[in-house]
Amino acid sequence: MKIKNIFIKNFRGIGSKGITVPLSDFSLVIGDNGTSKTTILEALNFCLMPNFTAGRLSINDFCNGSDEPIEIFVEFDNSFDVII
């Protein structure tokens, strides 16, 4: 199972237009300071590790302190079952 892409909207420095980050078998996230590299990784953590989010979401996680809902979608290359 591989992550195909991630869509992020209204999360930290990523605004209401949102971005889609395509991922391949091997992906590097590089760029200048303040270009949302950490935001992409934190968004993946929020989606894939429920314990990571417990008590961590704050007003600073909303883009410019807005009240627009944060949207994070992770698309995988194959479907799978989740067992809780």
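Beyond its neighbours within four places in sequence, asparagine 10 is in contact (heavy atoms within 4.5 Å) with Gly15, Ser16, Asp61, Phe62, Cys63, Glu68, Pro69 and Ile70. This is a predicted model, where local features need pLDDT of at least 70, side-chain atom pairs count only at pLDDT 80 or more, and totals for chains, interfaces and linings use all residues. Residues are numbered from 1 along each chain as its sequence is written, and side-chain values use heavy atoms, with hydrogens and water left out.

Asparagine 10 sits in the loop between strand S1 (3–9) and strand S2 (19–22); strands here are DSSP runs of E with at least two residues, and helices are runs of H or I with at least four, numbered from the N terminus. Asparagine 10 counts as buried because its relative accessibility is 4% (buried means under 20% relative accessible area, exposed over 50%, partly exposed in between, with a 1.4 Å probe and protein chains only). A polar atom of the asparagine 10 side chain lies 3.0 Å from the backbone oxygen of proline 69.

Now for the rings: the structure holds 3 aromatic pairs (ring centres of Phe, Tyr or the six-membered ring of Trp within 6.5 Å; planes under 30 degrees apart are stacked, over 60 edge-to-face, the rest tilted). Phenylalanine 11 and phenylalanine 46 have ring centres 5.5 Å apart and planes at 90°, so this pair is edge-to-face. It links distant parts of the chain, 35 residues apart: phenylalanine 11 is in the loop between S1 and S2, and phenylalanine 46 is in helix H1 (residues 37–48). Phenylalanine 11 is buried at 0% relative accessibility, and phenylalanine 46 is buried at 14%.

Note on methods
Polar contact = N/O pair within 3.5 Å; in protein donor to acceptor, adjacent residues only side chain to side chain.
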